[in-house]
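Here are a few notes to read alongside the model. Have the sequence to hand as you go through them.

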Amino acid sequence: MADKKEKAIKKATKKDEKQKATLPPSGFKVAMREIVRSKSALTALIIIIVILLFTFGGSLFLNRAQVTEMNIADSYYGWGEAGHLLGTDDGGRDILKLLIMGGRNSIMIGISVTVITEIVGLVVGLVSGYFGGAIDSVIMRVVDFIQILPQMPIIIVLTTVIPNYNAVTLVFLIAMFGWTTTARYFRSFVLSQRGRDYVLASKTSGSSNLQIMFREVLPNITSMIIIDVVLSIAGNIGIETSLSFLNYGLPSTTPSLGTLIGFANDPVNVINRPWLWLPATILLLVISLSINYVGQALQRAGDARQREN
C-alpha cells in the first residue's frame with residue numbers, strides 16, 4: 001500500500017511539473033526577454049532609470065524655496081562659472097538645480113495625467129466595447145465630440161481664468177481631453193474579445209457582466225494596457241512641456257522642462273546663452289526617445305505573449 005501511495009505521489013508530482021513546463025511565461029518575463037534582446041531598448045531602460053534617479057533622487061537633497069530664490073548678482077553665469085556646473089539664468093538661479101526640479105515636475109505631471117486617463121479610458125472602453133449596440137454608439141459620439149474640440153486653445157483659456165491655478169489643475173485639464181484616445185484604443189481590443197469562447201462560457205455559467213469585464217476580459221488586454229501607459233507618459237510630458245514653453249503650463253514659480261526650454265524664445269539666449277535652454281531640451285529629447293524604444297520592445301513582447309497564449 002505504501003509503495004502504491006509513493007508511486008501515485010511521484011506521478012502527480014511529475015504531472016504538475018509537466019504542466020508548469022508547458023505554461024506560457026508570464027507577461028513580465030516576456031517583456032524583460034524582449035528588452036534584453038534589444039540593445040537599444042535595454043540601453044533606453046537604463047537611461048530612464050538614471051534619469052529617474054537624477055530627478056527624483058536629486059530633488060530629495062534640494063530645497064525648493066532656495067532653488068527658485070532669485071539673486072540678480074549671480075545672473076547669467078556660463079558653463080562652470082562660480083561653481084555653477086550648468087550656469088545660471090537671468091535671476092541667478094542654478095540651472096542644474098532647476099533642471100532636477102523641473103525634470104521631476106514634468107515627469108510627475110506626465111505620470112499623473114497618464115494614471116487618470118488610463119483609468120477613465122479603460123473603464124469607458126471596457127463598457128463601450130463589451131456592451132456594444134446603443135451604449136457603444138452613445139459613448140463613442142461623446143468621445144467624438146470631445147476629440148474634435150481644440151484641446152490646446154481650451155486649456156490655454158482655462159489656465160488664464162481659473163483662480164488659484166496650480167500643478168493639480170493642469171493635470172486635470174490635460175486629462176480632461178486625454179482619456180478619449182485611451183477609451184477608443186481599449187474599446188477596439190474589447191470588441192475583439194467579447195465574442196470569444198471564454199466570454200460566452202462565462203455568460204453561460206451565470207457570471208455577471210462586471211465579473212466578465214474585469215475578471216475575464218481585462219487580463220487578456222493587460223499587455224496593451226502596459227504599452228499604452230508607457231507611450232502615454234512620453235506624450236503627456238510633451239503636452240505639459242509645450243504648455244509651459246508657451247507660459248500656459250505650470251506657474252512661473254514652479255520649475256519645469258518647458259519653462260527652461262522657454263528661454264529659447266529670446267534669440268540672444270539661443271545664440272549667446274545656450275546653457276539656459278539646451279540641457280532641458282536634451283533631457284526632454286532623451287526621455288522621449290528612451291520611452292519610445294522601451295515602448296517598442298513592450299509592443300513586441302505583447303505580440304509574442306498573444307502568440308504564446
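1. A word on naming before we start: helices here are DSSP runs of at least four residues, numbered from the N terminus. Keep in mind that this is a predicted model.

2. Let's begin with H11, which covers residues 222-245 and so counts 24 residues by the DSSP run. From first C-alpha to last, H11 reaches 35 Å, close to the 34 Å expected at 1.5 Å a residue.

3. What comes just after H11? There you'll find Asn 247 with a positive phi of about 70 degrees, although Asn 247 is not a glycine. Asn 247 sits in the loop between H11 and helix H12 (257-261). Is Asn 247 buried or exposed? It counts as exposed, because its relative accessibility is 64% and the cut-off for exposed is over 50%.

4. Tyr 76 is another non-glycine residue with a positive phi, this one about 60 degrees. Look for Tyr 76 in the loop between helix H4 (64-67) and H5. With a relative accessible area of 32%, Tyr 76 is partly exposed.

5. Now for the surface. Ile 111, Val 115, Ile 119, Val 120, Val 123, Leu 210 and Phe 214 make a nonpolar patch of about 570 Å². Which helices each supply at least two residues of this patch? They are H5 (95-131) and H10 (209-220), and H5 gives the most, with 5 residues.

6. Val 123 is partly exposed, at a relative accessible area of 37%.

Notes. Residues numbered from 1 in each chain as written. Predicted model: local features only at pLDDT ≥ 70, side-chain atom pairs only at ≥ 80, totals over all residues. Heavy atoms only, no water. Expected span 1.5 Å × (residues − 1). Patch = residues over 30% accessible without salt bridge, like charges linked within 9 Å, V, L, I, M, F, W, Y side chains within 5 Å. Areas by Shrake-Rupley, 256 points an atom, 1.4 Å probe, with all protein chains shown as cover. Salt bridge = Lys/Arg side-chain N within 4 Å of Asp/Glu carboxyl O. Buried < 20%, exposed > 50% of the residue type's maximum accessible area, 1.4 Å probe, protein only.
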